[in-house]
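Visitor: I would like to learn how to read a helix and the sheet beside it. Where do we begin?

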Amino acid sequence: MSKDSFFDEHKEQSLVKARIVDKYFWAWVKVIIPTAKKADSKIAYIDLSSGLCIYNYGAKSIPIKALEIAIADLDMRNMLKTLFNDANPEYTNSLQEAINKIPGIDNLKYKPEVIKHEVGENYVKAFNQVNFVPTLFL
């Protein structure tokens, strides 16, 4: 499978992931934020396979959707930390450019972080040593 066909051939998986974010991200945030506020904490969204900023079939990617949701809500703008990863530098560059163009992106307290790493055992070891804030992890 070519890297260009990945997002064409995996529409169903991408759509399922997008539906999860569309349906549950907002609900998760509304449940978590009151508790995080009491603890004077942040919340986080981590996507280890973020992909392109716009899929070949025209839909916005999950990171773009999540950031647009965050920008629209005062609590999320002040509490949400985001980390988007993909091993493909073309995808991370494209995603970073798209993030920079989102209206209101500068209103987020924590700038979205886009990184390029291969997901594997190194992530498991690193995450086992982290004391996470409430995090939605995809």
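Visitor: Which residues are buried in helix 5?

Guide: This is a predicted model. In helix 5, the buried residues are Tyr91, Thr92, Leu95, Ala98 and Ile99. They lie on the same side of helix 5, because they cover an arc of only 130° around the axis.

Visitor: Which backbone nitrogen does a side-chain oxygen of Asn88 reach at the start of helix 5?

Guide: That of Glu90: the oxygen comes to within 2.7 Å of this nitrogen.

Visitor: Now the sheet. How do I read the strand order and the pairing?

Guide: Strands of a sheet pair through backbone hydrogen bonds, and the pairing is either parallel or antiparallel. Here four strands form an open sheet in the order 3-2-1-4, with parallel pairing. Strand 3 (113-115) and strand 4 (135-137) are at the edges; each has a single partner strand, so one side of each has no neighbour in the sheet. On average, neighbouring strands of this sheet are turned by 10° against each other, direction ignored.

Visitor: How many bridges join strand 2 and strand 3?

Guide: Strand 2 (residues 80-85) pairs with strand 3 over three bridges, in the parallel sense. Phe84 stands opposite Val114 in strand 3.

Visitor: Which strands does helix 5 touch?

Guide: Helix 5 (residues 89-100) packs on the sheet and touches strand 2 and strand 3. The direction of helix 5 makes about 165° with that of strand 3.

Technical notes: Residues numbered from 1 in each chain as written. Predicted model: local features only at pLDDT ≥ 70, side-chain atom pairs only at ≥ 80, totals over all residues. Heavy atoms only, no water. Pairing = 2+ DSSP bridges. Helix = DSSP H or I, 4+ residues; strand = E, 2+ residues; numbered from the N terminus. Axes fitted to C-alpha atoms, helices over the stretch in contact; angles between N-to-C directions. Contact = heavy atoms within 4.5 Å. Buried < 20%, exposed > 50% of the residue type's maximum accessible area, 1.4 Å probe, protein only. Arc of directions from axis to C-beta. Polar contact = N/O pair within 3.5 Å; in protein donor to acceptor, adjacent residues only side chain to side chain.
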